[in-house]
Amino acid sequence: MEVEGPDAGLPPDREDVMAALLAQQRRFLAFVERRVGSRAVAEDLLQTAFARTLEKGGALKDGEGAVAWFYRLLRNALVDHHRRQAAEGRALEVEARDADGATEDPELQAVVCACMTDLLPTLKPEYAELVRQVDLEGRSVPDVAREVGITPNNAGVRLHRARLALKRSLERGCGACAAHGCLDCSCKPRR
């Protein structure tokens with residue numbers, strides 16, 4: 001990741017500030033990467049912080065003060081990032097609990113479109129297995145996650161993505177039948 005240099009049309013009073021920050025770019029990236037565990041995420045956070053500096057850093061006049069200020073900006077960005085991650089994790093836990101608490105109607109299970117079963121093998125194997133175990137066999141997401149060796153949150157994400165992929169496949173293959181819930185499947189069985 002490279003940020004444009006101080007000659008990028010900045011006012012003269014901010015060129016020295018950006019030069020001081022750009023000189024520390026590798027250190028900033030290492031600082032953020034150690035805290036998020038991903039180079040790509042760290043680069044995104046750092047890029048956003050540089051953009052904020054260009055927007056709001058006009059009051060900074062010396063390079064050394066700018067570096068300390070930028071570290072504070074990065075710490076705040078990290079706090080925001082971790083808060084977003086925690087919120088996403090809580091949302092996935094709620095989804096996993098809701099999926100666990102859902103009771104299956106035996107009549108509904110009997111009339112599920114046969115196309116769904118035919119399309120399961122077209123999904124990624126780990127997605128197909130989650131759909132089969134959770135949605136068709138009625139097992140809980142945390143139980144399946146433990147068995148597969150992933151976290152319940154990861155399983156919730158995979159299950160969500162698997163359902164979306166299956167939905168798209170059903171809509172492509174079954175058309176109107178899939179849009180109305182596949183309760184009166186008129187599709188020809190695939191052979």
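Me: Before we start, what counts as a helix or a strand here?
Reply: Helices (H or I, at least four residues) and strands (E, at least two) are DSSP runs, and they are numbered from the N terminus. This is a predicted model, in which local features need pLDDT of at least 70, side-chain atom pairs count only at pLDDT 80 or more, and totals for chains, interfaces and linings use all residues. Residues are numbered from 1 along each chain as its sequence is written, while side-chain values use heavy atoms, with hydrogens and water left out.

Me: OK, how many helices and strands does the protein have?
Reply: The secondary structure comes to ten helices and zero strands, and from the N terminus on the elements run α-α-α-α-α-α-α-α-α-α.

Me: And what share of the residues is buried?
Reply: Of the 191 residues, 34% count as buried, where buried means under 20% relative accessible area, exposed means over 50%, and partly exposed lies in between (1.4 Å probe, protein chains only).

Me: What about contacts between residues 24 or more positions apart?
Reply: Such residues account for 65% of the contacts with a separation of 6 or more, a contact being heavy atoms within 4.5 Å.

Me: Switching to aromatics, how many aromatic pairs are there?
Reply: The structure holds five aromatic pairs, and rings of Phe, Tyr and Trp (its six-membered ring) pair if their centres lie within 6.5 Å, with planes under 30 degrees apart counted as stacked, over 60 as edge-to-face and the rest as tilted. One of the pairs is Phe-28 with Tyr-71, which is edge-to-face at 5.0 Å centre to centre and 75° between the planes.

Me: Where do Phe-28 and Tyr-71 lie?
Reply: Phe-28 lies in helix α2 (residues 25-36) and Tyr-71 in helix α4 (residues 63-101), so the pair ties together parts that are 43 residues apart in sequence. Phe-28 is buried, and Tyr-71 is buried as well.

Me: Which residues do the ring pairs link into a cluster?
Reply: The cluster is made up of Phe-28, Phe-31, Phe-50, Phe-70 and Tyr-71, linked by ring pairs.

Me: What about Ala-49, buried or exposed?
Reply: Ala-49, which lies in helix α3 (residues 39-56), is buried, with a relative accessible area of 3%. Leaving aside neighbours within four places in sequence, Ala-49 is in contact with Phe-70, Leu-73 and Leu-74, and the C-alpha atoms of Ala-49 and Tyr-71, 22 residues apart along the chain, are separated by 9.6 Å.

Me: Moving on, at what angle do α7 and α9 pack?
Reply: Helix α7 (residues 125-136) and helix α9 (residues 152-174) pack at an angle of about 95°, with their axes 9 Å apart; axes are lines fitted to C-alpha atoms, for helices over the stretch in contact, and angles run from 0 to 180 degrees between N-to-C directions. The two helices, α7 and α9, are therefore roughly perpendicular to each other, given that angles under 35 degrees count as roughly parallel, over 145 as roughly antiparallel, 65 to 115 as roughly perpendicular and the rest as oblique.

Me: Which residues meet there?
Reply: Glu-126, Tyr-127, Leu-130, Val-131, Val-134 and Asp-135 in α7 meet a set in α9 that includes Ala-155, Arg-158, Leu-159 and Leu-166.

Me: Last one, which residues does Pro-152 contact?
Reply: Beyond neighbours within four places in sequence, Pro-152 is in contact with Val-141, Pro-142 and Ala-145. Pro-152 has its place in helix α9 and counts as partly exposed at 36% relative accessibility.
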